[in-house]
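Subject: Structure for your files

Hello,

Here is the structure I said I would send. My notes on it follow below.

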Amino acid sequence: MTDRLDAVFAALADPTRRAILAMLLEDDMAVTDVAEPFAMSLAAISKHLAVLSDANLISREKRGRVIWCKLEPEAMREATVWMRAFGQVDPLDLDAFERFLEQELSEED
């Protein structure tokens, strides 16, 4: 479990990956749609998606010629359970997480 938690926290440490997760809270997205708002190459976005996928925070599925990304909140729940053991975190609330990410992203602009 420690390796999985390390992967989740490492993935969440990057603001681009947190922004991607916030986008995927709304709906599944094609990789090209995920990349659109970022000023970086598709290859760079693909590396971020690989980190999120390796941490099991997202899944990727090829539908025809398009690769789709989907949020997988279970890994986040595992991290929340771990943090809750320290009495510092309330139960996972994805709506609150989305609001937090939106606030963080708006502060970066």
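How many bridges join strand 2 to strand 3? There are 6 bridges between strand 2 and strand 3 (residues 66-71), and the two run antiparallel. Helices (H or I, at least four residues) and strands (E, at least two) are DSSP runs, numbered from the N terminus.

Before the rest, some notes on the source. This is a predicted model, in which local features need pLDDT of at least 70 and side-chain atom pairs count only at pLDDT 80 or more, while totals for chains, interfaces and linings use all residues. Residues are numbered from 1 along each chain as its sequence is written, and side-chain values use heavy atoms, with hydrogens and water left out.

Overall fold

The chain has 6 helices and 3 strands. Read from the N terminus, the order of elements is α-α-β-α-α-β-β-α-α. The radius of gyration is 14 Å, close to the 13 Å from the globule rule for 109 residues, so the chain is as compact as a globular protein of that length. That radius is taken over C-alpha atoms, and the globule rule is 2.2 Å times the number of residues to the power 0.38. Along its principal axes, the C-alpha trace spans about 45 × 30 × 20 Å.

Of the 109 residues, 34% count as buried. Buried means under 20% relative accessible area, exposed means over 50%, and partly exposed lies in between (1.4 Å probe, protein chains only). The chain exposes about 6800 Å², of which carbon and sulfur atoms supply 51%. Accessible areas come from the Shrake-Rupley method with a 1.4 Å probe, and for residues only the protein chains shown count as cover.

Among contacts (heavy atoms within 4.5 Å) with a separation of 6 or more, 49% are between residues 24 or more positions apart.

The sheet and what packs on it

The 3 strands form an open sheet in the order 1-3-2, with antiparallel pairing. Strand 1 (29-30) and strand 2 are the edge strands, each pairing on one side only. Two strands pair if DSSP finds at least two bridges between them.

S53 has its place in helix 4 and, leaving aside neighbours within four places in sequence, is in contact with I58 and R60. S53 has a relative accessible area of 18% and is therefore buried.

The loop between helix 4 (42-54) and strand 2 (58-63) holds N56. The phi of N56 is near 60°, a positive value in a residue other than glycine. N56 is partly exposed, at 45% relative accessibility.

Salt bridges

The structure holds 4 salt bridges, each defined as a side-chain nitrogen of Lys or Arg within 4 Å of a carboxyl oxygen of Asp or Glu. One of them joins the side chains of R4 and E78 at 3.1 Å, N to O. R4 lies in helix 1 (residues 2-12) and E78 in helix 5, so this pair ties together parts that are 74 residues apart in sequence. R4 is partly exposed at 43%, and E78 is partly exposed at 23%.

R63 and D28 form another, with the closest N and O atoms 3.5 Å apart. This pair links distant parts of the chain, with R63 in strand 2 and D28 in the loop between helix 2 (15-26) and strand 1, 35 residues apart. The relative accessible area is 37% for R63 and 25% for D28, and each counts as partly exposed.

The side chains of R63 and E61 also meet in a salt bridge, at 3.6 Å, N to O. E61 is partly exposed, at 44% relative accessibility.

Surface patch

F9, W82 and F86 make a nonpolar surface patch of about 310 Å². Patches are made of residues with over 30% relative accessible area and no salt bridge; like charges are joined within 9 Å, and nonpolar side chains (Val, Leu, Ile, Met, Phe, Trp, Tyr) within 5 Å. W82 is in helix 5 (residues 74-84) and counts as partly exposed at 38% relative accessibility.

Regards
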